[in-house]
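Trainee: Please show me how to read a model like this one. I would like to start with a pair of helices.

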Amino acid sequence: MNELRDNKESGELIQYIVIKIDDEQYGINIKFIDNIVRMQQITRVPKVDDYLKGVINIRGEIVPVMSVRMKMGLAEDEITGKSRIIILKTGEGDLVGIIVDQVNQVLTLDSNNIEKVRYDDKKGKANASFVNGVGHYDGGLVSILDLDAVVAEKEVKEKASNAG
Amino acid sequence: MVPIESVLQKFPRMIRDLNKTLGKKMELTMTGEETEMDRTVVDEIGDPLMHLIRNSADHGIESAELRAQRGKPDVGQIFLHAFQDGNSVVIEVGDDGNGIDAEAVKNKAIEKGVVTPEQAALLTEKQCVELLFHPGFSTAKQVSEISGRGVGLDVVKSKVESLSGEVTVRTKLGEGSTWVIRLPLTLAIIQALMVIIGEEKYAIPLDSIQSIEDVTPSDLKLVENREVINLRGSVTPIIRLNEVLDTESTKSPDEDMVVVIARKGDQQVGLVIDELMGQQEIVIKPLGKYTAKCKFISGATILGDGEIALILDTNSII
């Protein structure tokens, strides 16, 4: 992993929202975040992939909500008072919500302090493919979520029972 | 939301054909094919647009001689621009042809009895041009195959209005005209029956519903292993919506069932629901790309209290 500090020259400061999923901390680049809302009534949509928990109403717009935990192959979400839905803006301008266990802080990271990682064919944990970097900050590490992978439509493990 | 492209793609071909039939030289330019609109609107807007383009080709673009006289390039330009403007989508269809002769329209309107000469005298030029939208109006001196049968712009107008839009025209005599269709981005206010299935609320579009029946479980018969009821002489299959939608019914099997009789063409089926909430006007909102996979759901709507109800697509359930 030591060859991967490839953008020394830029040294750009990027703000991340640090969230907790399971026991791990993840950072989400703030520019992709539209909104963070408290857990609310999610309207189930039948016959869609399990990780899609349903839709919610964000300012009059219907926004799908997905469970990152289920996408990562972790245990199903346990909704607590700290659970939040992070509303992300995807590249095409659509909104999509992801459920996280907790929102911890806003972190400003120098891009020099982010190591690009690609697990690819490493032995890999189930969630390895959802991370595209690791950020260092005083006293801690934070995995940078690869949002494209998180909101990608195709499921990691094939589901046969989705014929509708 | 779907791009308007699917509707537009047949127009270049149509213009090439019209070039031949009308013996005029014309060219169609289109922009904004990627502009997205509600699917219901896109499905409906094709005919009005085709009508306007044919109009431009037939009445708008002048013959080659006249164009030469007026010093215009010999190839007539017809254009279609689609773009989003705030909360609406605007589609402009126009040409660099004749323009609309307000006087001719006025005289024709008097002749047809659409307005009296006294009324006509008071009309502004703009109002004269708008007379074109009157039912049964056609200024073409000759009825041709392409346009001018009097089932014309009023149909365009009523179609656009049925989609909650409006159509206006800008014209300059001798220089061309532009028809401007303005449609709301999220259209689709429909009448729906709100029902409860399991613990969830759903909307069923009213226009697909024939009646609502109370059925006692003893009326259920089995035909080829499917549940049917005999509804006033016609055998009607029964679909339990809670099974289709993977949810638990809140009713016990020996209770009377509320059955919504829906039709698709000449078939009818009974959809079993748990409870009726009532009729309501709802605004259809698209579900977005992740959740749109469920073919039984055509969209969603937001109820008065902010809650979301999904809209059932009875056609795909039947």
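Trainee: At what angle do the axes of helix H2 and helix H3 of chain B cross?

Mentor: Two packed helices are described by the angle between their axes and the distance between the axes. This is a predicted model, where local features need pLDDT of at least 70, side-chain atom pairs count only at pLDDT 80 or more, and totals for chains, interfaces and linings use all residues. Residues are numbered from 1 along each chain as its sequence is written, with chains lettered from A and ligands numbered from 1 in the order in which they are written. Helix H2 (residues 11–22) and helix H3 (residues 39–60) of chain B cross at roughly 30°, and their axes come within 11 Å. H2(B) and H3(B) are therefore roughly parallel (angles under 35 degrees).

Trainee: Which residues of H2(B) and H3(B) meet?

Mentor: Contact means C-beta atoms, placed from the backbone, within 7 Å. From H2(B) come B:Phe11, B:Met14, B:Ile15, B:Leu18 and B:Leu22. They meet B:Met50, B:Ile53, B:Ala57 and B:Asp58 of H3(B).

Trainee: How many residues does each chain bring to the contact between chain A and chain B?

Mentor: Chain A brings 19 residues and chain B brings 21 residues. On the side of chain A, strand S4 (52–58) and strand S5 (61–67) each supply at least two residues. S5(A) gives the most, with four residues. Strands here are DSSP runs of E, at least two residues long, and helices are runs of H or I, at least four, numbered from the N terminus.

Trainee: How many helices and strands does chain B have?

Mentor: Chain B has ten helices and 18 strands.

Notes:
Two residues are in contact if their C-beta atoms, placed from the backbone, lie within 7 Å. Axes are lines fitted to C-alpha atoms, for helices over the stretch in contact, and angles run from 0 to 180 degrees between N-to-C directions. Angles under 35 degrees count as roughly parallel, over 145 as roughly antiparallel, 65 to 115 as roughly perpendicular and the rest as oblique.
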